[in-house]
Structure formats: structure tokens, C-alpha cells
Amino acid sequence: MFKADVIIVGAGPVGCVLANKIATELNLSCLIIEKRNHIAGNCYDEKNKKGVLYHKYGPHYLRFKNNKIFEYLSKFTKWIPGNYIVQSFVDKKLYPFPINLNTLEKFFNIKFKSKKEAIDFIKKKQIKNKSLNNSEDFILSKLGTEIYEKFYKNYTIKQWGVSPKKLSSTVAGRVPIRYDRNPYYVKEKLKFMPRQGFTLMFKKMITNKKIKLSLNTDFFKIRKQIKYNKFLIYTGTPDKFFNYKYGKLDWRSLAFKFETYKKNLIQNSVQYNFPNDFKFTRKVEIKHVTRQKIPFTVISKEFPKSKGEPYYPIINKNNLNKFSKYEKLIKKVENKNVFFEGRLAQYKYFNTDEVIERALNLFKILKKKYKNNSNN
Ligand SMILES: Cc1cc2nc3c(=O)[nH]c(=O)nc-3n(C[C@H](O)[C@H](O)[C@H](O)COP(=O)(O)OP(=O)(O)OC[C@H]3O[C@@H](n4cnc5c(N)ncnc54)[C@H](O)[C@@H]3O)c2cc1C
């Protein structure tokens, strides 16, 4: 029997944050059920045999839209500045990415005297006479054909397995386009990494004696043995929870290949994108970000694929339509004290700071609802 006041399915960021808040502020017992053999969800990092800290599920560049989330996490970790610099490998040269003034100058071999001069130059290249609903038309309307073809088109095809024409403009629109020389990958000013890694930060959250953890336990294999006194939080995929009543939701997956080298560093920044060469999309040397002092380094290569672990929701009409039906069921089970949260359960790509904010907001609701009948 898997029994507690609160059962939490998934020991990812959402599961750990909610367990922490529920145990410490509501004084309720929590049992976290996790199918993998570790906590921290996709933020999981660990040291390999040579002692190199690496990100098992792709690089996680932590940044914060909201200062309060940074303050909350600061209770569990010290920080190092987020050194997230990405370059794109195009025609055998490395260019700053996202596109900025340096990229434009290097690519077009022009020295712009001002930001305005660069904007005017690009304006002449923009192709505006198309609808802006898809990623291809969106980038053509912002940067024109040459940049689109060299930096975006093939990368998007590799990443998603479909033409950018078939993807919503929000996919390409996630990457900023800059007319200054800001080299950082993300737009947020607050960018920090947990000094000793993500896993230790999340581990600290769940050290409370009221929190128990059951690893290597798939919720669907023990569903009938579960008993909760108060409520259940579910952070897995919604279609499976409801026995695929409205069909399967599609996800894009990735395979990671890790290579260890006896070298201090190999690349000159954390990430190189390969839009036009090789089968992998990016090569990441996470040591630029973790800043470990160790004579070895790890390079990871990412190969997108359609089957496997669910990493990125595929946002198209069909999937959104299906998910909106599941959303109605999600709303209904709240009456049975079951709450869905996180990037799998909400079928939406969220960054880590965003899911943590959502988990804290959900806690506020749960606190109101269950505070009076907790064991306090
Ligand atoms: C490749 C990649 C790169 C990313 N890069 C960044 C980045 O640079 N910066 C950033 O801020 N965010 C990044 N993210 C997003 C970040 O990983 C998520 O926002 C965060 O992990 C979401 O937390 P979560 O708890 O909702 O889900 P998850 O981290 O997915 O955790 C859910 C947990 O639930 C478990 N689970 C699921 N089903 C079951 C079940 N049936 N039984 C038991 N356990 C179950 C899973 O095993 C998992 O451990 C990236 C994500 C991916 C996929």
C-alpha cells in the first residue's frame, strides 16, 4: 500500500517544490512516487565516472523572469552566474546566436555604424507579403531569406522533423533577434546556476521527515494500491492518466550521446548549434556553465527523434484540440482532490522557473483549501 496525506506523482521540480511546501507549511505527510531512479526530473545532473558534472536530459540554462522565484530557490542553493553563450556553425564559421549585431556584421561582412543602419539594412531583406502564422514566414518577415536559410530552416527541420512552414510562429518566435551586441542566449537579466548542481538543490527541498520518496515506481503500475487522506498531485502526461480517452498527445523526443575527454575545455562556449551539418542539432559542453575545476570535460550531442521520452509538446491544431478535451477532465478530477501541474501534465513547454512559479501558485490554492483540516 502507498499511503500518505498527500501523494505526489513525479519527483521533478514541481513535485519537489510542492512536497517541500506541503510538508513544511501544512505539516502533512507526503509520498513522492517517481518512475526514474532519481529525483529532479529533467533538470537532473550527476557526476560521471571522471567526476564531471553533466546534465543528463540536455543543458538546463536556469534564468528567472520573477525575482521571487530566485529568492525562493536561494533557500536551497548558492549560485554561480549563468554563462550561457551559444554559437551557430554556418559555412565552417561560428556565429553568435541568437542573431545579434555581431552576427549580422560577420555574416554580411559589413561594419554597421549604428543600430539604425543595421535595422535599415535588414528591412530591405524582410519578406512581408506572407501570413505570419508559421515559423518560416515569421523569420522571413524579420530577417529575410539568407539568414533564414542558413540559421533557421534546417535546424528547425532537424529539431521538429517537419518544415518550419508547418510550425506555429511561436516556435521560431521564442528565440530573440537583437540589434545590439548582447551575447547571452536568454533575455532574462537574472541568470544563475545552482552552484553544486540542480539535483542537490532539489534534494535539499525534500529532506523534511514528513516527505517519503519511492523511486523506480511507476504510478500506473501501483495505481490501485494508492491511498491519500487529502489530495494527489500528478505531474505526468494527461492522456495516460485518462487511459487515452481522446487519443495520444504527440511529443518530440531526443537521444543524447555523451563523450568524455581528458581536456580542460574543448569548445569556446557552452553550446554550438549545427543547423546544416551532422544529424545532431547541438553540441554542448556544460562545463562552461558549471565552471567545475577538473581536468576532464563532457560533450553531449542531441539527436531529435519522434519516439521516446516526452520532451517537447508538439503544438499543432490536432494536439491542442485533444488537450483541450483532457483539460475538461482535469478540471473535473479536482473535485476528487486530484491536481495536475507541470510541463507534462499541462502539455506546455515551460522553463524551470515558470513551472516552479506555477507550483507555488498551486500551493497557495491548496493551502486555502486544506489548511483548516490539516493536522496542525
Ligand atoms: C531537452 C530539454 C532542455 C531544457 N532546457 C531548459 C533550460 O535551458 N532552462 C530551463 O529553465 N528549462 C529547461 N527545460 C525545461 C525543464 O526541464 C522543465 O521546465 C522542468 O523540468 C519541468 O518540471 P516538471 O516537474 O514539470 O517535469 P519533469 O522535470 O519532467 O518531471 C516530471 C517527473 O515525473 C515523473 N513521472 C512522469 N510520469 C510518471 C509516472 N507515471 N509515475 C512516476 N513518475 C512519473 C518523471 O519521471 C519526471 O521525473 C528543458 C527541458 C528539456 C526537455
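Helix H1 (13-25), helix H9 (219-222) and helix H13 (352-370) each contribute at least two residues to the shell around the ligand. The model is predicted. In total, 35 residues surround the ligand. The protein chain is divided into domain 1 (2-39 + 206-247 + 314-370) and domain 2 (86-173).

**Ligand shell**

- The closest residues to the ligand are Gly10, Gly12, Gly41, Gly236 and Gly342.
- By residue class, the shell around the ligand splits into 17 nonpolar, 12 polar and six charged residues.

**Domains**

- A distance of 39 Å separates the C-alpha centres of domain 1 and domain 2.

**The five-stranded sheet**

- Five strands form an open sheet in the order S10-S2-S1-S11-S17, and their pairing is parallel.
- At the edges are strand S10 (211-214) and strand S17 (338-340), each of which pairs on one side only.
- From one strand to the next, the twist averages 25 degrees.

**Strand S1 and its partners**

- Strand S1 (residues 2-9) runs parallel to strand S11 (residues 226-234), and seven bridges join the two.
- Val9 has Ile33 as its bridge partner in S2.
- S1, H1 and S2 together make a right-handed β-α-β unit.
- Six of the eight residues of S1 are buried, so S1 is largely enclosed by the rest of the structure.

**His55**

- His55 belongs to strand S4 (residues 53-55).
- His55 counts as buried because it has 24 C-beta neighbours inside 10 Å, where the cut-off for a buried residue is 20 or more.
- His55 and Asn42 are 13 residues apart along the chain, and their C-alpha atoms are separated by 8.5 Å.

**Backbone exceptions**

- Most residues other than glycine have a negative phi, and most peptide bonds are trans.
- The peptide bond from Phe97 to Pro98 is cis, with omega near 0 degrees.
- Pro98 sits in the loop between strand S8 (93-97) and helix H3 (101-108).
- Asn27 has a phi near 55 degrees, which is positive in a residue other than glycine.
- The location of Asn27 is the loop between H1 and S2.
- Asn27 is classed as partly exposed because 14 other C-beta atoms lie within 10 Å, a count between the limits of 12 or fewer for exposed and 20 or more for buried.
- Asn109 is not a glycine either, yet its phi is positive, at about 55 degrees.
- Asn109 is part of the loop between H3 and helix H4 (115-123).
- Asn109 counts as exposed because it has 7 C-beta neighbours inside 10 Å, and the exposed class takes in residues with 12 or fewer.

Technical notes. Residues numbered from 1 in each chain as written. Predicted model: local features only at pLDDT ≥ 70, side-chain atom pairs only at ≥ 80, totals over all residues. Near = placed C-beta within 6 Å. Helix = DSSP H or I, 4+ residues; strand = E, 2+ residues; numbered from the N terminus. Nonpolar A, V, L, I, M, F, W, Y, C, P; charged D, E, K, R; others polar. Pairing = 2+ DSSP bridges. Axes fitted to C-alpha atoms, helices over the stretch in contact; angles between N-to-C directions. Right-handed = clockwise from strand over helix to strand, strands pointing away. Domains from an automatic or database assignment.
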